[in-house]
Amino acid sequence: GQGTGLTIQFSDKPVPLPAVKVTDLDGRALSSADWQGKVILINFWATWCGPCRAEIPEFVKMQERYRDHLVIVGLSVDEGSPDAVKAFARELGVNYPVLDGNGRDDVEDAYGPMWGLPTSVIIGRDGRVVKRQTGAASKAQFNAIIQPLL
């Protein structure tokens with residue numbers, strides 16, 4: 001298959017990352033190739049996850065502050081109606097793409113492993129995974145990882 005130029009770091013040897021195509025909650029198609037050259041934070045979350053809810057307002061602030069250099073992508077793994085997720089995202093003022101990750105094992109495999117929610121994966125401009133964070137992290141913890149990458 002064709003790669004995107006993104007790589008994922010499993011060891012000291014970069015492994016090509018498959019092009020991941022997903023749709024947002026409005027049905028628009030997005031591809032991981034669209035995010036090349038920026039720092040990417042992919043947040044796996046669900047509406048029923050309390051720590052996920054607590055993190056989202058900080059992501060909204062980070063996306064606003066670093067919007068020229070950072071792409072935050074929310075990947076909802078809710079097993080219900082995308083409309084409920086959309087309403088939830090609207091309520092929290094989410095200002096970054098929220099994608100429907102329900103049943104998308106290929107996306108979890110590409111960025112995983114997922115040991116729990118929330119899980120955030122931070123990818124540098126070169127496409128290498130810099131950090132995989134399982135469980136909620138503070139604004140200071142995320143800034144400490146992301147700022148040097150910008």
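**Close-up views of a predicted model**

View 1. Residues are numbered from 1 along each chain as its sequence is written, and side-chain values use heavy atoms, with hydrogens and water left out. The lining (residues with an atom within 4 Å of a point) consists of Leu25, Ser76, Asp78, Gly80, Ser81, Pro82, Val85 and Asp100. By class, three of these residues are nonpolar, three polar and two charged, with Ala, Val, Leu, Ile, Met, Phe, Trp, Tyr, Cys and Pro counted as nonpolar, Asp, Glu, Lys and Arg as charged, and the others, Gly among them, as polar.

**View 2. The largest pocket.** About 180 Å³ of space lies in the largest pocket, a pocket being an open set with protein on both sides within 12 Å along at least five of seven lines. Among the residues that line the largest pocket are Asp24, Arg28, Lys86, Arg90 and Tyr96, and the lining as a whole divides into six nonpolar, one polar and five charged residues. Helix H2 gives the most to this lining, with three residues.

**View 3. The open sheet.** Five strands form an open sheet of mixed pairing in the order S7-S6-S5-S8-S9 (strands are DSSP runs of E, at least two residues, and helices are runs of H or I, at least four, numbered from the N terminus; two strands pair if DSSP finds at least two bridges between them). The edge strands, each pairing on one side only, are S7 (98-100) and S9 (129-134). Strand S8 (residues 119-123) pairs with S9 in the antiparallel sense over five bridges, and Lys131 in S9 is the bridge partner of Ile122.

**View 4. Helices H1 and H4.** The axes of H1 (residues 50-65) and H4 come within 10 Å and cross at roughly 35 degrees, the axes being lines fitted to C-alpha atoms over the stretch in contact, with angles running from 0 to 180 degrees between N-to-C directions. In this contact (heavy atoms within 4.5 Å), Glu55, Glu58, Phe59, Met62 and Arg65 of H1 meet Lys139, Phe142, Asn143 and Ile146 of H4.

How values were computed
This is a predicted model: local features need pLDDT of at least 70, side-chain atom pairs count only at pLDDT 80 or more; totals for chains, interfaces and linings use all residues. On a 1 Å grid over the protein atoms alone, a cavity is a set of points where a 1.4 Å probe fits but cannot get out, and a pocket is an open set with protein on both sides within 12 Å along at least five of seven lines; lining residues have an atom within 4 Å of a point. Grid points are joined across faces, edges and corners, and a volume is the space filled by probe spheres set on the points.
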